Amino acid sequence: MTDTAVTKTTVEPKTRDGTINADARRRPLWPAGLVSIALLLALPMLVVIGFVFVPAGDVWRHLAETVLPDYVANSLLLMLGVAVGTLIGGVGAAWLTSMCRFPGRGLFEWALLLPMAMPAYIIAYTYTGLLDFAGPVQTLLRDWTGWGYGDYWFPEIRSLPGAAAMLSLVLYPYVYLLTRAAFLSQSLCVLDVSRTLGNGPWRTFYSVALPLARPAIVAGLSLALMETLADYGTVKYFGVSTFTTGIFRTWFGLGNPAAAAQLSALLLTFVFALILLERWSRRHARYHHTSQREQSIRRIRLTGWQAALAFSFCLFALFFGFILPAGQLSWWALTVVETRWDSEFATLALNSLGLAAGAAVLALLLALLLGYGRRLHPSPAIRASVRVAGMGYAVPGTVIAVGVLIPFAWIDNGIDAWMRASLGISTGLLLSGTLTALVFAYMVRFLAVALQTVESGLGKIRPSMDEAGRSMGYRPGEVLRRIHIPMLRGSLLTALLLVFVDVLKELPATLILRPFNFNTLAVRAYELAADERLADSGPAALTIVAAGLLPVILLSRSITRSRHAQSA
C-alpha cells in the first residue's frame, strides 16, 4: 500500500474577469475600522468616566455639601412624576386605540403620536405664556371674577410638578408607541382563553394583556426617563435644579471642567441604572407566541358614557400635548410676522437646516458602514463595538458635550503650542471652536437612531442575497451599493429624517459646543424665551415643530401597515 499525500488548497475568491479578488486579503481592515470608529465615538464617555479620578479640589466638596442633594432629589422626583404621567397616558391610550372601538379611534391611533414632534422646552415656553400671571388664562380669570393679585390660588407652572407635567405630555408617545405595537401583536388565542375562564374585558387587560406587554412598556418608560434626565431647557426655564443645570453652572459659572465631568459621570450612573433596570425587569421571562393563528382583533365596542370617557381620555392627551401648544405657537408667529420673519430668521433657518442635514447624512453613512460591517463580520468583538457605538443615545447631550470639549480643547492647545514654537503662528481652536466638535457630538448622540433603523432594514434582507452577489464577483462594497441600498431605501429615508429632526431639536449640546456667532433655531428660541420674549420665540419654535411632523407621520403609518394592524 502506498501513502497518499493529502494537501489542503485554498480557493481564492475571484471576480467576474477571473482575477483573484484582492478584497479577500483586505478583509482585516473592516474589523479594524469598525473597532476604531466605535472607540472614537466612545471617547466622550470614556473621558467623563476617567475624570472621576481627577481631583476637583474644594469645588466638588462645596457641591456635595450644598447643591448635590438637591440635584439628586429633584432628578429622582422628576423621574417619578414623568413615570406616572407617561404610564397612565401611554398605556391607557394604547389599550383604548388597539383593543376598543369608540368614535374617533381611527384618528387618535396616529394623532396621539403628534406630541413627539413637540420638544419639551418649547411646550414649556408655550404653557408658561398661557398660564403665567400675565397670561391669557389668569387675565381672563381676573376679568371674570374681579380678583386681584393674591386674592386667589393658581397652580405654579414654573415648578417641579409643572416640569414633570410638561415632560409627560411630550414623552408619553414613547410608551404609547411600543405598548400599542405589543398589544396589536399579542396572540388572540391567549386573550380568548382568558375570556372563556370568565374574565371580562377589563380583567383580561389587567391579568393577561398588561403582563404580556410588560417588556414593551418598560422599554418605552426607560426611553422616556432617559429623555427626562437629558432635558435641559425645561428644567432651566422652570428653575428646577437637576444634574443638567448643575453641569452648566459648574462649567460656566465655577469654571471647573473636572467637577463638571464628575457631575456628568454621576448622571451617567442614573442612565446606566435605567438600562440595567430595563434588562433586569425581563430577567428569565419569555414572551413567545404559542399560536400561529391569524385572526382579526375583536375590539370591545364602547357605548354611552364609556365611549365618551375613552374619547375624552385620548382627546385630553392630544389636545394638551399638541393642539393647544401648536395653536399658541401659531398665534405668536402671526403676531410677530412683520418683525421676526426677516433676514436674521432666514440665517437661523439655513444654519439649522444645513447643520441638521449634514449631520443626518454623516450619521447615515456611519450607520451603513457599521451595520453592514457587522453583517459581514458577526464576531463578538464586532458586535460589541457596534453596540458601544450605539450607546450615545442613552447619554444626555450635556454629558456628551463635556466629554467632547475636554479632549478637543486639549488637542487644540497642543497643536497651537507646537505651531507657536515651530512657526510662530497661532492655529486657534481648530476643533473645539468650529462645527467639528458640534457635529462629532451629534454623531455620538444620534448615531444610534440611524444605526437601529439601518440594522432593522438589513435584518429583513436574506443572507442568500449577499451570497448571490458574491457569486457574481461583487465585492462587499458593490454588494452594499448594488443590492442592499436599493432594498433599504425606505429604512434609509426614515433614518435620515429621524436624525435630521433630533439634531434640529437638540439644545444642550448645541448651547455648549456651537462656535461663536453661530446660532440655530433651537438656541434662538431658548434665548428669546429666557429673556421672557415668548411671542418672539414663536417662529423659531414653530419651525422646529413643523419639521418634526413628517417623521412622526411616517412612523405612525409604518405601525398601521404592520401585519397585525392590517388584520385589525
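This is a predicted model: local features need pLDDT of at least 70, side-chain atom pairs count only at pLDDT 80 or more; totals for chains, interfaces and linings use all residues.
Let me start with the whole chain. We have 568 residues, and 51% of them are buried. What about the outside? The chain exposes about 27,300 Å², and carbon and sulfur atoms supply 64% of that. Now, contacts. If you take contacts between residues at least 6 apart in sequence, 81% of them join residues at least 24 apart.

Let's go inside. The largest nonpolar core takes in 168 residues. Which residues have the most contacts inside this core? They are F102, L112, M118 and L513. And which helix gives the core its largest share? That would be helix 21, residues 435–459, with 16 residues. As general background, nonpolar side chains tend to be buried together in soluble globular proteins.

Leaving out residues up to four places away in sequence, F102 touches L96, F108, L302, A307, A310, F311 and C314.

While we're on covered parts, have a look at helix 12, residues 214–230. Of its 17 residues, 14 are buried, so this helix is mostly covered. From first C-alpha to last, helix 12 reaches 24 Å, close to the 24 Å expected at 1.5 Å a residue.

Now for something nonpolar on the surface. L77, L80, V84 and I88 make a nonpolar surface patch of about 380 Å². L80 sits in helix 5, which covers residues 68–99. Is L80 buried or exposed? It counts as exposed, because its relative accessibility is 53% and the cut-off for exposed is over 50%.

On to charges. How many salt bridges are there? The count comes to 10, and I'll show you a few.

Next, go to helix 20, residues 397–423. D416 and R420 are four residues apart in this helix, so again we have a separation of about one helical turn. Their side chains form a salt bridge at 2.9 Å, N to O. D416 is buried, with a relative accessible area of 14%.

My last pair is R533 and D536, with a salt bridge at 3.1 Å, N to O. R533 is partly exposed at 34%, whereas D536 is buried at 19%; that 19% is under the 20% cut-off, so D536 goes in the buried group. There is also a network to look at: E344, R514, R524 and E527 are joined into one by salt bridges that share partners.

Okay, backbone. In general, most residues other than glycine have a negative phi. N517 lies in the loop between helix 25 (508–513) and helix 26 (521–530). With a relative accessible area of 84%, N517 is exposed.

Another is E532, with a positive phi near 65 degrees. Where is E532? In the loop between helix 26 and helix 27 (538–560). E532 is partly exposed, at 43%.

One more stop, and then I'm done. L493 is in helix 24, residues 489–505, and it is partly exposed, with a relative accessible area of 47%. How far is L493 from T453? In sequence they are 40 residues apart, and in space 9.6 Å, C-alpha to C-alpha.

Thanks, happy to take questions.

Technical notes: Residues are numbered from 1 along each chain as its sequence is written. Side-chain values use heavy atoms; hydrogens and water are left out. A salt bridge is a side-chain nitrogen of Lys or Arg within 4 Å of a carboxyl oxygen of Asp or Glu. Helices (H or I, at least four residues) and strands (E, at least two) are DSSP runs, numbered from the N terminus. Buried means under 20% relative accessible area, exposed over 50%, partly exposed in between (1.4 Å probe, protein chains only). The expected span of a helix is 1.5 Å times one less than its number of residues. A nonpolar core is a set of buried Ala, Val, Leu, Ile, Met, Phe, Trp, Tyr and Cys residues joined through side-chain atoms within 4.5 Å. Contact means heavy atoms within 4.5 Å. Patches are made of residues with over 30% relative accessible area and no salt bridge: like charges are joined within 9 Å, nonpolar side chains (Val, Leu, Ile, Met, Phe, Trp, Tyr) within 5 Å. Accessible areas come from the Shrake-Rupley method with a 1.4 Å probe; for residues, only the protein chains shown count as cover.
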